[in-house]
Amino acid sequence: MVREGEGKENVREWERKIKDVRIFSYSRAKEGEESCGDASLAEECGENSIIVAVIDALGHGKKAEEASEVAVNFIKSHKNLPLDKIVRGVHSALSGTRGAVASISKISDGRIEFVGVGNISAQIVRSGDKCCGKFQQRLFSASGVLGWNLRHFKVFTYEFMSGWLVMNTDGVGHFIASEYLSENLREMAMKIMKEHGKADDDATILILKR
């Protein structure tokens, strides 16, 4: 679902269920902008895998939106490749554009494979962590910009039988995911965005629940 917000603010939100996984994503443009340089996706890849991604193109406006669309289209077209090859492919596809930072995850068989590049955030909270919080984990993102300077990165693997994966761009300020847990993913996302979203930047949050 894509909808327009108040004034010229562009708002996109969508929700999907793939096998036993639910995903909700919400994006909005910087205040006063008609185009949003953030993007997100969720796709089934193979019999037992799902790929999700959050993209944040550098800057704002139409050129940033075009760059994020290049990244999303490449991932959709190459989703069955190993994650490291997808990242390198996105880097090549974005050459000549503004470039982007991104977090990309593959979820399968009780685990998450994850790559983050640039100033972008991801957190895992496993089921049952709400009280003690000790199993909440922030996922590592390497420095660099896809399309410009992809430095050394690593595919990290995390246990993930059930729980929440929360991914967001830097248009959302620092927050602790375990303080917002809900089975209603839209309500969870909108509360985080209301309390931590930055009006002077494009902002996106994606929440996956298994």
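In this predicted model, Tyr180 has a relative accessibility of 11% and counts as buried, because buried means under 20% relative accessible area. Tyr180 pairs with Phe175. The arrangement is edge-to-face, with 90 degrees between the planes and 6.2 Å centre to centre. Phe175 is buried as well, at a relative accessible area of 3%.

The structure holds 3 aromatic pairs. One of them is formed by Phe156 and Tyr158. These two rings are stacked. Their centres lie 6.3 Å apart, and the angle between the planes is 25 degrees. A pair of aromatic rings is described by just these two quantities, the distance of the centres and the angle of the planes. Phe156 is partly exposed, with a relative accessibility of 22%. Tyr158 is buried, at 9%.

Another aromatic ring, that of Trp164, has a charge over it. The charged end of Lys209 takes this position. Its distance from the ring centre is 4.7 Å.

Attention then turned to a strand residue. Ser105 is part of strand β6, which spans residues 100-108. Its relative accessibility is 0%, so Ser105 counts as buried. Which residues does Ser105 touch, not counting those up to four places away in sequence? Ile50, Ile51 and Val52 are among them. Ser105 also touches Ile112, Glu113 and Phe114. Leu165 and Met167 complete the list.

How values were computed
Residues are numbered from 1 along each chain as its sequence is written. This is a predicted model: local features need pLDDT of at least 70, side-chain atom pairs count only at pLDDT 80 or more; totals for chains, interfaces and linings use all residues. Side-chain values use heavy atoms; hydrogens and water are left out. Helices (H or I, at least four residues) and strands (E, at least two) are DSSP runs, numbered from the N terminus. Buried means under 20% relative accessible area, exposed over 50%, partly exposed in between (1.4 Å probe, protein chains only). Contact means heavy atoms within 4.5 Å. Rings of Phe, Tyr and Trp (its six-membered ring) pair if their centres lie within 6.5 Å; planes under 30 degrees apart count as stacked, over 60 as edge-to-face and the rest as tilted. A charge sits over a ring if NZ of Lys or CZ of Arg is within 6 Å of the ring centre and within 35 degrees of the ring normal.
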